[in-house]
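Welcome! Let's walk through this structure together with a few questions and answers.

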Amino acid sequence: QERGALGFERHYHVTDPFIRRLGLEAELQGHSGCVNCLEWNEKGDLLASGSDDQHTIVWDPLHHKKLLSMHTGHTANIFSVKFLPHSGDRILITGAADSKVHVHDLTVKETVHMFGDHTNRVKRIATAPMWPNTFWSAAEDGLIRQYDLRENSKRSEVLIDLTEYCGQLVEAKCLTVNPQDNNYLAVGASGPFVRLYDIRMIHNHRKSMKQSPSAGVHTFCDRQKPLPDGAAQYYVAGHLPVKLPDYNNRLRVLVATYVTFSPDGTELLVNMGGEQVYLFDLTYKQRPYTFLLPKKCHTSGEVQNGKTSTNGVSNGIHLHSNGFRLSEGRAHVSPQVELPPYLERIKQQANEAFACQLWTQAIQLYSKAVQKAPNNAMLYGNRAAAYMKRKWDGDHYDALRDCLKAISLNPCHLKAHFRLARCLFELKYVAEALECLDDFKGKFPEQAHSSACDALDRDINAALFSKSDNAEDKKGGGPIRLRATGRKDSISEDEMVLRERSYDYKFRYCGHCNTTTDIKEANFFGSNAQYIVSGSDDGSFFIWEKETTNLVRVLQGDESIVNCLQPHPSYCFLATSGIDPVVRLWNPRPESETLNGRVVVDMEGASQANQRRMNADPLEVMLLNMGYRITGLTSGGAGGSDDEDSSEGQVQCRPS
């Protein structure tokens with residue numbers, strides 16, 4: 001047991017030395033404007049950068065030397081720079097705010113192709129080793145274009161037109177190709193949905209349409225069905241579609257600012273502007289845990305004690321294929337396995353942090369324990385309580401997921417069942433919350449008149465009868481998650497279906513702030529991609545453990561905002577940039593060197609300030625960016641003071 005404990009301490013308590021020692025190695029100077037994009041070549045001995053100064057610079061980062069600087073011919077800020085695979089690092093592609101895509105031959109320092117097909121800012125270029133001479137661009141005209149440099153005609157073709165799905169105002173912001181299977185292209189755009197496309201399937205569909213003798217007759221249908229069935233799969237953080245109207249009302253924009261695949265191609269990482277960083281598992285996909293149903297799915301006779309027919313609907317909660325069922329009370333309880341002593345100690349530390357209202361610390365400790373004991377219901381139930389107290393963006397949804405997991409492991413987990421009802425209420429699933437609470441009272445009659453139950457009952461009934469209730473909710477005109485846009489007429493039927501079939505995230509990473517720029521990156525980092533890194537509006541970059549989602553390091557990377565973080569393809573070496581006109585290189589510093597003052601020691605304070613910033617009025621954020629101090633922003637993170645469950649008595653107030 002103790003040997004296992006020692007291994008755990010080594011692996012989880014002490015952060016890898018290379019993260020602990022990560023510090024600034026060098027600043028590469030040469031640009032005269034913000035550096036908006038960075039790109040390593042495949043070997044990792046060259047680094048290209050693009051800037052507001054319309055220049056691209058190729059560096060020898062290992063010797064901190066500028067090898068080449070050239071004006072790209074763009075007339076506005078450069079947003080993307082890529083080496084073309086199989087070109088011997090000779091061909092560089094740039095995309096810019098002038099709506100143009102330029103191809104450069106570095107050996108002669110000349111621009112050899114200029115593509116002007118986009119009608120709005122080009123935000124990202126993507127390349128793929130399997131597709132030589134081919135690359136793709138994403139632009140704010142809503143189009144994904146594909147280019148073939150073997151063609152003499154200097155044109156591109158439209159691969160995906162998002163405006164056919166989402167209306168004229170949709171903007172494509174980022175794209176990336178799966179490194180292990182170059183047929184898959186991920187696209188981030190305005191709104192919370194991230195799209196994954198099968199390029200080969202789209203091409204085959206187009207070819208067969210052209211070859212069909214009746215193709216000319218069906219032009220209208222072609223336009224209606226631009227992509228074949230099965231060529232697109234959407235991913236979304238399960239709580240975001242329901243939150244959209246609220247965010248829109250507060251002028252809070254959701255937009256995917258960066259997408260990237262894990263090195264092994266099995267995971268997709270998304271920096272969601274206006275929200276958090278999300279990791280989606282492409283192998284073990286999971287449906288969102290809830291969405292609002294258009295109408296009640298059962299007559300009262302069909303639901304007894306939470307037992308349902310086999311269509312996956314329980315308590316009005318659509319549980320999809322995750323296999324969670326709110327089961328029949330006290331029968332067949334799986335006995336809870338005792339935690340080994342070293343995990344029991346961590347749980348006790350987490351409980352103590354919870355008692356001191358150190359919610360994030362409690363969450364991080366529970367997460368460490370969950371990773372080592374993934375079948376312990378009590379850990380999930382306790383972490384849910386901490387999420388519900390902290391109330392950062394997405395916390396109630398993570399709590400709901402934890403409650404469902406706890407109930408699946410132990411159907412008699414009283415607190416988890418009650419917290420589930422509270423989470424549903426906080427997530428605006430009011431009718432479902434009422435059904436869940438009624439179910440709870442049926443299962444645990446001794447709790448039916450507790451102060452906690454009465455308080456939640458009052459809250460739910462007040463919400464149900466509130467005049468301010470959204471009329472759309474009451475009409476039951478389809479799931480609210482599809483009514484997310486004010487311009488619903490512009491959303492096609494195909495788009496509605498794809499959104500309804502979205503898959504949920506696996507992990508969520510919190511602490512940074514991403515509201516001011518729409519090019520902010522997040523990336524995998526470390527020898528086994530075991531860390532996640534992201535830039536932030538506070539001038540820092542944040543490093544999390546991938547598997548526990550715990551924040552382990554914050555470093556000051558820019559005077560204003562860190563936008564770009566590109567890890568070296570094979571070493572623990574990181575290039576970053578942002579508003580400052582420099583590129584910064586980071587690696588583990590020798591033990592003999594005292595770490596510079598760029599380490600942000602109060603990670604919790606930085607994270608809380610960023611949550612407040614994300615929830616602030618846009619005018620306040622602008623003033624904050626100008627250096628004014630705003631008073632009156634709540635200190636408790638998103639959601640303000642924490643008093644709604646102070647009367648919950650034995651049901652919720654303390655972890656188990």
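A salt bridge here is a side-chain nitrogen of Lys or Arg within 4 Å of a carboxyl oxygen of Asp or Glu. Keep in mind that this is a predicted model.

Q: Which residue forms a salt bridge with Asp-398?
A: The closest N and O atoms of the pair are 2.8 Å apart. The partners come from distant parts of the chain, with Asp-398 in helix α10 and its partner in strand β23, 110 residues apart. Both are buried. The partner of Asp-398 is Arg-508.

Q: Which residue meets Glu-27 in a salt bridge?
A: Glu-27 lies in strand β1 and its partner in strand β30, 557 residues apart. At 2.9 Å from N to O, the partner is Arg-584.

Q: Within what arc do the buried residues of α16 fall?
A: The buried residues of α16 are Ala-606, Ser-607, Asn-610, Gln-611, Arg-613 and Met-614. Seen down the helix axis, they line one face of α16, because they fall within an arc of 160°.

Q: How many salt bridges does a search of the whole structure find?
A: Some share partners, joining Arg-121, Lys-123, Glu-140, Glu-171, Lys-173 and Asp-518 into one network. Across the whole structure, the number found is 36.

Conventions. Residues are numbered from 1 along each chain as its sequence is written. This is a predicted model: local features need pLDDT of at least 70, side-chain atom pairs count only at pLDDT 80 or more; totals for chains, interfaces and linings use all residues. Side-chain values use heavy atoms; hydrogens and water are left out. Buried means under 20% relative accessible area, exposed over 50%, partly exposed in between (1.4 Å probe, protein chains only). Helices (H or I, at least four residues) and strands (E, at least two) are DSSP runs, numbered from the N terminus. The arc is that of the directions from the helix axis to the C-beta atoms.
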